[in-house]
Amino acid sequence: MKNHPENYPLHSSDKERHRLKMQAQALIPLSQRMLNGAGIAHGAHVLEPGCGSGEMTLLLAAAVGPSGRVTAMDSDPAQIKAAAEKIAEAGFFNVSFVLSDMNNFVPEQIFDAIVGRYFLLYIADPESALARMARWVKPGGALAFLEMDFYRGVRSHIWPPVAAETNSAIEFIADVMLDAGINPHMGVSLPSMLALYGEVHAETAAPPQFGASSIELPLEAVRSVIPMASKLGRSDACRYDVDALIAAELQGRDHRTVTMPPLSVAAWVRTRS
Ligand SMILES: C[S@@+](CC[C@H](N)C(=O)[O-])C[C@H]1O[C@@H](n2cnc3c(N)ncnc32)[C@H](O)[C@@H]1O
């Protein structure tokens with residue numbers, strides 16, 4: 001699709017949307033703390049860039065209530081369609097969707113808040129994107145983002161130790177992301193980037209997941225980056241059979257399994273009046 005950024009590394013598919021849902025479950029507490037801290041309340045009009053399949057949109061729709069509005073934007077038409085279905089199924093009528101690349105988006109009004117999750121790391125120049133977005137919120141409005149960090153804090157790992165092939169498949173996710181030009185330091189860079197616009201509040205979390213099925217989250221991410229690995233011409237693009245890896249891991253695992261995600265950083269400001 002012409003509007004969708006060519007370096008976006010996660011292949012759009014139902015499996016990827018299932019992965020986003022698993023990821024969203026683990027991120028609910030940190031996301032809610034960010035929304036509360038940023039003062040996202042009933043009646044607010046919020047822009048959500050990079051809404052994906054609508055997992056964060058659900059939290060925003062509930063936070064702003066029937067008197068508020070969410071404008072959810074994404075460059076992927078399949079994600080917008082899935083998000084719109086999810087929001088309708090949940091019974092919300094306060095969300096409108098916009099298909100647009102962030103780089104071409106021009107809002108028709110200003111917002112009370114702009115909230116994004118796992119979005120800025122995919123943007124080539126996040127400082128410029130934030131500078132543009134800061135002009136789209138009213139004075140005293142909120143800019144709030146939750147981003148990950150590949151290198152500091154916890155790497156995505158599984159305990160008890162797993163087959164070498166599974167660990168190297170998980171390393172492969174970060175390798176492909178880096179090759180695609182994704183910012184691995186977005187999480188820790190976020191507070192200083194936001195400090196230009198107001199007093200920064202930040203929280204971090206790396207919520208572990210438990211039980212054998214928790215290995216599906218990182219292994220589904222392996223599946224989602226394989227098309228980008230092929231596009232980049234990587235010699236290991238076809239190395240991993242994700243279904244076989246998941247089946248083997250599920251068979252040999254039990255409730256003691258712990259899957260650690262990368263570190264997430266949530267940071268928010270109220271812009272200067
Ligand atoms: C990892 S998903 C996160 C989705 C959602 N925010 C969540 O937390 O579940 C990132 C989303 O950003 C979108 N995206 C990436 N680059 C974009 C851009 N330049 N403009 C608009 N959307 C973009 C992708 O299509 C994808 O749906």
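Tutor: A crossing is left-handed if the near helix is turned anticlockwise from the far one by less than a right angle, and right-handed if clockwise. This is a predicted model, in which local features need pLDDT of at least 70, side-chain atom pairs count only at pLDDT 80 or more, and totals for chains, interfaces and linings use all residues. Residues are numbered from 1 along each chain as its sequence is written.

Student: In which hand does α7 pass α8?

Tutor: The crossing of α7 past α8 is right-handed.

Student: What makes α7 and α8 roughly parallel or roughly antiparallel?

Tutor: The axes (lines fitted to C-alpha atoms over the stretch in contact, with angles from 0 to 180 degrees between N-to-C directions) of α7, residues 216-231, and α8, residues 242-251, cross at roughly 170 degrees and come within 9 Å. Angles over 145 degrees count as roughly antiparallel, and α7 and α8 are therefore roughly antiparallel to each other.

Student: Which residues make the contact?

Tutor: On α7 they are E216, L219, V222 and R223, and on α8 they are V242, L245 and I246; contact requires C-beta atoms, placed from the backbone, within 7 Å.

Student: How many helices and strands does the protein chain have?

Tutor: The protein chain has eight helices and 10 strands, counted as DSSP runs (H or I, at least four residues; E, at least two).

Note on methods. Angles under 35 degrees count as roughly parallel, over 145 as roughly antiparallel, 65 to 115 as roughly perpendicular and the rest as oblique. Two residues are in contact if their C-beta atoms, placed from the backbone, lie within 7 Å.
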